[in-house]
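Student: I have this structure open and would like to go through it. Can we start with what "buried" means?

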Amino acid sequence: MINSNDKNAISKLKMKVEKLTKIQEDMKACNKIIKDKKDKKVDRLIEILKISSREATELMKPDFCGRVGFPSFSLTNNNANIRATQARITQLEKAAQFETEESMIGGVKVVKNAELMRIQFFFDGKPEHEVISLMKKHGFKWSPTNVCWQRLWNDNALVAIRYYIEPELIKINNNSSNSN
């Protein structure tokens, strides 16, 4: 597991993509050899995959469904892992360009913390039950360490703030100032 807060996360993820890509290529080459009509398939599998002759022989045996080699779902799953890892690299590269910002929404201090990759809401005292429910509903969690409600800084968090939390906090703030 590669943590997003790790300073070397992008390089580690790029190495992971390279490894997964090599595995994908090896599985495809292996399946091509197994389906090939030429002889010495075991020797060619040993050469490409760097496995023992016993393991190469096992690849040549059909599984419970009669499939030989690597099943198509293995290739599909590995390819999905490659795409997901590449998407995460893109997300982390984008996040590396973030800068810490502070603003106020409905009387609440909001910090987009680039160092922690979190969006944080700092309330004066304990917020009302209605506000706590709103924060929880949109993925924010209470952080005793940072004494705030926070969430991972991503596009979904920004949408939740803009379209759901900000209007509600402004409405709640207006209602409380009207009642005073």
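Tutor: A residue counts as buried when its relative accessible area is under 20%. Keep in mind that this is a predicted model.

Student: OK. So is Trp149 buried or exposed?

Tutor: Trp149 has a relative accessible area of 6%, under the 20% cut-off, so it is buried.

Student: Where does Trp149 sit?

Tutor: Trp149 belongs to strand E5, which covers residues 148–152.

Student: And what is Trp149 in contact with, leaving aside neighbours within four places in sequence?

Tutor: Its contacts include Ile119, Phe121, Phe123, Pro127, Met135, Phe140 and Trp142. Lys136 and Lys141 are also among them.

Student: How far is Trp149 from Lys28?

Tutor: Their C-alpha atoms are separated by 47 Å, and the two residues are 121 apart along the chain.

Student: Back to E5. What order do the strands of the sheet have?

Tutor: The order is E1-E2-E3-E5-E4, in an open sheet of 5 strands with antiparallel pairing.

Student: What holds paired strands together in general?

Tutor: Strands of a sheet pair through backbone hydrogen bonds, and the pairing can be parallel or antiparallel.

Student: How many bridges join E1 to E2?

Tutor: There are 5 bridges between E1, residues 101–105, and E2, residues 108–113.

Student: What does E2 do on the E3 side?

Tutor: E2 is joined to E3, residues 118–122, by 5 bridges. Here Lys112 stands opposite Ile119. This hairpin has 4 residues between the strands, and Met117 takes a positive phi near 55 degrees.

Student: And E4 with E5?

Tutor: They are joined by 3 bridges and run antiparallel, with Ser143 opposite Cys148.

Student: Switching to helices: at what angle do H2 and H3 pack?

Tutor: At about 115 degrees, with their axes 9 Å apart. The crossing is right-handed.

Student: Which residues meet there?

Tutor: Lys41, Val42, Leu45, Ile46 and Leu49 in H2 meet Ser53, Ala56, Thr57, Leu59 and Met60 in H3. By class, that contact has 7 nonpolar, 2 polar and 1 charged residues.

Key:
Residues numbered from 1 in each chain as written. Predicted model: local features only at pLDDT ≥ 70, side-chain atom pairs only at ≥ 80, totals over all residues. Heavy atoms only, no water. Pairing = 2+ DSSP bridges. Helix = DSSP H or I, 4+ residues; strand = E, 2+ residues; numbered from the N terminus. Axes fitted to C-alpha atoms, helices over the stretch in contact; angles between N-to-C directions. Left-handed = near helix turned anticlockwise from the far one by under 90°. Contact = heavy atoms within 4.5 Å. Nonpolar A, V, L, I, M, F, W, Y, C, P; charged D, E, K, R; others polar. Buried < 20%, exposed > 50% of the residue type's maximum accessible area, 1.4 Å probe, protein only.
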